[in-house]
Amino acid sequence: MDARKTGSTAKGRTTGSSSHRCQIASHAQLLRAGWCRDTISRRARGAWQRPLPGTYVLHSGPLTWQQRYQAALLYAGDAAQLTGPAVLALHRFTDAPAPAQVQKVHVLIPGTRARASTGYVRVQRTRSLPPHPVRLDGFPCAPLPRALADAHGRMPDEALRGCLYEAVQRGRYQAADLREAFRARRVAVTGELASVFADLAADTHSVAEGRARRLIAAAPDIPQPLWNPKLHLDGSFLCRPDAYWPVHGIILEVDSVRHHARGDDFARTLARHNRLTALGFCVLHVTPAQLRDVPAELLAHLRGALARSPYGPVNRVRVT
């Protein structure tokens, strides 16, 4: 079949099972497929579009996010890798933007290649191009620690902090691995970012949980709890609360609407609360908004609960 009629035989990055990959081609690929320069130029003014220099989408409709990513990689050239917010989006992190919402697609290229940022693509030349890119949705991506470090300063700070917590919580990396990636990129781990890594080292699992840990740590009259311990009652697994005071039988849960107030999550949260209170434990709940806006209320509730402790069968609980 004549490639000039179908536009379907441009090879390289345009191949693949997804149709969006068959609708993206570079100028060089089109020439190799048999298109002449005049025809390419004419099509680009009508039936096609050119989102980036030397890169063509072989239709005139809106681009999908996959086509935007694919065009960015084509523009950047061989060995290019996505990094930064685009990669966090492909990991589907809760605090990352959706892939379609990524405004600037950040791409790494070898340091020897001359290619400038343009349009919606931010090109970064690097001498430390990751040797083994990770495939996400078919796209070559920098490994997660590098992508997180490259996202610093390119997405809201709190969103990046949430992604750091989630990367550790999913069990993909240790906090030390992520901190080393930031150090290698010469990102200053200070202020809130330093607090996040301290929280991760203390086994806290979210931005709000980290805020609770720092709040309690700064209160000298409140004993420090265990964070995310596994509790066993009479040898059987009981629960893994956000924080637990083993001498006092007090449990703290940081309940976000995102994770605890929808469908089955809400039902499980309620069932666990009822089970723990039936056993006699003191279960306190706090939301991220309360931690941010009225932190003194949590401290007041804790002081009151500690004054009335102990609660529940603390002598039958084993912590691991």
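**Figure 1. How much of the chain is tucked away.** Of the 320 residues in the protein chain, 47% count as buried. Keep in mind that this is a predicted model. The C-alpha trace spans about 85 × 40 × 35 Å along its principal axes. Among contacts with a separation of 6 or more, 59% join residues 24 or more positions apart.

Figure 2. The protein chain shows about 15700 Å² of accessible surface, and carbon and sulfur atoms own 51% of that. There are 44 positive and 24 negative charges, and their mean positions sit 12 Å apart.

**Figure 3. Helix α9 and what covers it.** As a reminder, an α-helix has 3.6 residues a turn, so residues three or four places apart point the same way. Just past the end of α9, look for Asp203, which takes a positive phi of about 70°.

**Figure 4. Arg161, a buried arginine in α7.** Arg161 belongs to helix α7. With a relative accessibility of 12%, under the 20% cut-off, Arg161 counts as buried. Leaving aside residues up to four places away in sequence, Arg161 touches Glu192, Val196 and Val207.

**Figure 5. Cysteines without partners.** Searching the whole structure for disulfides turns up zero. Take Cys163: the closest cysteine sulfur belongs to Cys141 and is 14 Å away, too far for a bond. Cys163 counts as buried, at 0% relative accessibility. Cys239 is in no disulfide either, with the sulfur of Cys282, its nearest, 13 Å away. A disulfide would need the two sulfur atoms within 2.5 Å. Cys239 counts as buried too, at 2% relative accessibility.

Notes. Residues numbered from 1 in each chain as written. Predicted model: local features only at pLDDT ≥ 70, side-chain atom pairs only at ≥ 80, totals over all residues. Heavy atoms only, no water. Helix = DSSP H or I, 4+ residues; strand = E, 2+ residues; numbered from the N terminus. Buried < 20%, exposed > 50% of the residue type's maximum accessible area, 1.4 Å probe, protein only. Contact = heavy atoms within 4.5 Å. Areas by Shrake-Rupley, 256 points an atom, 1.4 Å probe, with all protein chains shown as cover. Lys, Arg positive; Asp, Glu negative; His and termini not counted. Charge placed at Lys NZ, Arg CZ, Asp CG, Glu CD.
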